[in-house]
Amino acid sequence: MGGWRVLGQASGGWRRGLGIRATSTAAGFGTKARHQLQRRGASKPSDPPGDQPFPGLLRPGTFSREELVDVLRAAVVDRKGPLVTLNKPQGLPVTGKPGELTLLSVLPELSRSLGLGEQEVQVVRASGKEASGLVLLSSCSQTASRLQKFFTHSRRARKPTATYCAVTDGIPVTSEGKIQAALKLEHIDGVNLVVPVQSPSRKDIMEGVKRTLSHFRVVATGSGCALVQLQPLTVFPSQLQAHMALQLCPVLGDHTYSARVGTVLGQRFLLPVESTKPQRQVLDEALLGRLCLTASQAARLPLHLHLHCLRLPGARPRDPPIELLAPLPSYFSRTLQCLGLHYQ
């Protein structure tokens with residue numbers, strides 16, 4: 001086969017054939033948006049990265065507000081009534097400090113650019129800054145409220161609504177399962193980091209420790225890496241990155257939590273969190289060779305975590321769920337090709 005098809009989530013389990021083939025012709029976050037980035041120095045998806053940024057990446061500080069609005073308008077993948085779905089590029093924050101260029105900061109201009117006039121647009125669901133993928137916007141407050149209630153109810157019922165694709169450095173021991181961990185946020189050396197908590201007490205829970213849960217499924221393996229689908233069933237900052245690090249299979253391009261995984265004589269183990277500071281992900285020589293990267297280029301490798309599918313309720317109670325899909329970024333597709341990760 002010339003590519004793989006992403007597995008999406010359906011009621012009661014996984015379903016095949018929901019996605020797009022992860023080839024360079026289909027990858028990216030919209031053809032127009034990809035061209036916007038390539039005019040600013042990104043290479044073509046099939047080219048080796050060289051000293052240029054990875055294809056399909058935003059470079060912080062190189063975009064004006066107007067240029068960012070152009071990129072986001074071109075990244076629209078679906079419009080239904082008051083709902084607008086974008087395929088957010090990796091590295092773009094949804095929120096930030098006053099004066100920072102974020103998705104929220106340009107929503108008024110984006111709304112006008114999309115022909116919504118002065119209607120207030122809300123972010124209903126979005127991938128985080130370091131992840132790429134779906135962003136769901138609504139110009140109707142009632143629709144936004146209805147969807148928020150749906151997502152909240154689904155979480156309480158342990159029904160996944162979001163499916164992420166990830167490439168991991170390492171292969172999970174089992175092909176499918178769940179990851180449970182108690183996590184907390186700690187401010188360490190000026191940075192908020194997610195820290196696992198062993199056997200949390202009631203006091204820990206009261207003080208901000210949260211029990212988290214994710215489902216995972218290995219789609220393909222090759223070159224010591226895996227293509228994994230992840231479905232978070234709880235909401236916590238950097239939950240998926242932290243969970244995969246606990247599985248000794250950090251997400252490729254995770255320059256924060258991958259440092260917690262050590263290796264001795266080919267055996268992986270977890271390092272003590274209190275003595276492990278975030279650092280650039282270190283990849284072995286064989287993997288660097290497969291990816292056609294130098295160590296300095298790998299230090300700029302983007303996080304390979306993409307919100308690929310969102311499940312929404314149908315328009316009427318008995319209608320089947322609606323699934324929104326976002327194509328993979330170009331650099332993600334290139335990595336799959338280099339590693340020979342094809343879904344059979």
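**Figure 1. The salt bridge between Arg65 and Glu109 in the predicted model.** In this predicted model, the side chains of Arg65 and Glu109 meet in a salt bridge, with an N to O distance of 2.7 Å. Arg65 belongs to helix H2 (residues 65–74) and Glu109 to helix H3 (residues 107–113), so the pair ties together parts of the chain that are 44 residues apart in sequence. Arg65 is partly exposed, at 34% relative accessibility, and Glu109 is likewise partly exposed, with a relative accessible area of 23%. The count for the model comes to 9 salt bridges.

Figure 2. The closest N and O atoms of Lys184 and Glu186 are 2.8 Å apart; Lys184 counts as partly exposed at 26% relative accessibility, and Glu186 as partly exposed at 28%. In the salt bridge of Asp189 with Lys277, the closest N and O atoms are 3.7 Å apart. This pair links distant parts of the chain, 88 residues apart, since Asp189 sits in the loop between strand S8 (176–188) and strand S9 (191–197), and Lys277 in the loop between S13 and helix H7 (285–291). Both Asp189 and Lys277 are exposed.

**Figure 3. Asp254, a buried acidic residue without a salt bridge.** Asp254 is found in the loop between H6 and S12, where it is buried yet forms no salt bridge, the nearest side chain of opposite charge being that of Arg260, 8.4 Å away. A salt bridge requires the nitrogen and oxygen atoms to lie within 4 Å. A polar atom of the Asp254 side chain does, however, lie 3.0 Å from the backbone nitrogen of Tyr257. Leaving aside residues up to four places away in sequence, Asp254 touches Gln241, Gln281 and Leu303.

**Figure 4. The hairpin of strands S12 and S13.** Strand S12 (residues 261–264) and strand S13 (residues 267–270) run antiparallel and are joined by 4 bridges, with Gly262 standing opposite Phe269 in S13. The hairpin has 2 residues between the strands, and Leu265 takes a positive phi near 55°.

**Figure 5. The largest nonpolar core, seen around Leu312.** This core has 29 residues, of which Leu136, Leu147, Tyr164, Leu230, Leu305 and Leu312 touch the most other members. Elements giving two or more residues to the core include strand S6 (132–138), helix H4 (141–156) and strand S14 (305–312). Leu312 touches Leu83, Leu136, Leu147, Phe150, Phe151, Pro321, Ile322 and Leu324, residues up to four places away in sequence not being counted. Apart from this core lies another, of 23 residues, among them Leu57, Val167, Leu283 and Leu293.

Notes: Residues are numbered from 1 along each chain as its sequence is written. This is a predicted model: local features need pLDDT of at least 70, side-chain atom pairs count only at pLDDT 80 or more; totals for chains, interfaces and linings use all residues. Side-chain values use heavy atoms; hydrogens and water are left out. Two strands pair if DSSP finds at least two bridges between them. A nonpolar core is a set of buried Ala, Val, Leu, Ile, Met, Phe, Trp, Tyr and Cys residues joined through side-chain atoms within 4.5 Å. Buried means under 20% relative accessible area, exposed over 50%, partly exposed in between (1.4 Å probe, protein chains only). Contact means heavy atoms within 4.5 Å. Lys and Arg count as positive and Asp and Glu as negative; His and the chain ends are not counted. A polar contact is a pair of N or O atoms within 3.5 Å; within protein, one must be able to donate a hydrogen and the other to accept it, and residues adjacent in sequence count only if both atoms are side-chain atoms.
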